[in-house]
Amino acid sequence: MWRCTGPRWSGGGPEPAGRFGQRLGWYCAERAETRTSLLPAGKTLAFATVGERRCPGVWRAGRWIVCPYRAVLDGASARDQCARCAQLDRSRSVAADTMADDPRPYGVYLAYFGPGLLKVGITAAERGAARLVEQGAVAYAWLGRGPLMAARRAEAVLGSALGVPDRFPKVAKRAARGALPPVADRVAELAQLHGRARDPALWPETLEPVGFACTDHSELFGLDRIPGEVAELGGMTAGAEVVGEVLAGVGPDVYLRLAGERGAGKLEGEGAGRSGAAGGLIAVMDARVLSGWVLGAAGGRVTTVPVSAKGRAAVKGAGEQEDGGQEGLF
């Protein structure tokens, strides 16, 4: 059987960001095979979770090493590994500083998620923009390139000196997407911070500087299709169903117009997740909660996963088609 391994973005390396695409990954242990399915805007999803959510294991050397513990995961959590597999993953991790001998060159970047939400980070140069896309960075600019430890030191020094963190919580990123300033303002904010980072007193000598050039992901993510406020899909449980149309994909998040009007009416007057004339409740799902599940075709026409408006209680049955049958699973 094919078990979901969570969201993926195709592309990477020297490819331009426009060639990336959001996907779901899959692994079949019996065949030792992997595959992906694309999640483009306009695609109808109609799936149900089957059985138990299990840890998929560890991705090493281009293949999955299946979790030997067959650990069952919490369906509501975005954590997609059991504790022991996560520990093994971090035993060779740049983020956990357990891979200091990595000989590859690294890039240091500034990422923009919204007004005042800028961070400094590093990624292997060969991955290109992949790390930025996976995080859901609205825009970014490279600062410099060099050996891993030089890049890591620059990340720490610049982050402290510029007063910017190395990460933001999911809720802050989502909130910022609904009220983004014009592209020119984003570029200006990145350029201003880029200029401050190039202060000779801060710049590490071992890091090769890169001139300012901003890449914006508005079109790639479909940010113009995301309304100011959206509802949120809760965690998955066995037999839970999701039925809707893909509107946009940002990092691990998938924005869906849930099927039909009736479920949207349950949140009427709360000002969240309305899609206007097109109808249907708009909700965001962290696709990492799908990792570890076997997904089959939905048996009904409504989403049965709990859906919550911002700051409101969860509701069941978030959408229902008025006519027509359900489309394909993916």
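Here is a quick look at a sheet, a helix and a glycine in this predicted model.

Residue numbers start from 1 along each chain as its sequence is written. Local features need pLDDT of at least 70, side-chain atom pairs count only at pLDDT 80 or more, and totals for chains, interfaces and linings use all residues, while side-chain values use heavy atoms, with hydrogens and water left out.

Let's start with the sheet. Helices (H or I, at least four residues) and strands (E, at least two) are DSSP runs numbered from the N terminus, and two strands pair if DSSP finds at least two bridges between them. Three strands make an open, antiparallel sheet in the order β1-β2-β3.

| Strand | Residues |
|---|---|
| β1 | 2–9 |
| β2 | 22–28 |
| β3 | 33–38 |

The edges are β1 and β3, each pairing on one side only. Between β2 and β3 there are six bridges, and Cys-28 sits opposite Glu-33 in β3.

Now for helix α5, which spans residues 183–197. Arg-186, Leu-190, Leu-193, His-194 and Ala-197 are buried there (under 20% relative accessible area; exposed is over 50%, partly exposed in between, with a 1.4 Å probe and protein chains only). These residues are on the same side of α5, because they cover an arc of only 105° around the axis, taken from the directions from the helix axis to the C-beta atoms.

Last up is Gly-51, in the loop between β4 (44–50) and β5 (58–60). Gly-51 is partly exposed, at 45% relative accessible area. Leaving aside neighbours within four places in sequence, Gly-51 is in contact with Ala-238 and Trp-293 (heavy atoms within 4.5 Å). Gly-239 is 188 residues away along the chain, yet the two C-alpha atoms of Gly-51 and Gly-239 are separated by 7.7 Å.

Definitions and conventions:
The expected span of a helix is 1.5 Å times one less than its number of residues.
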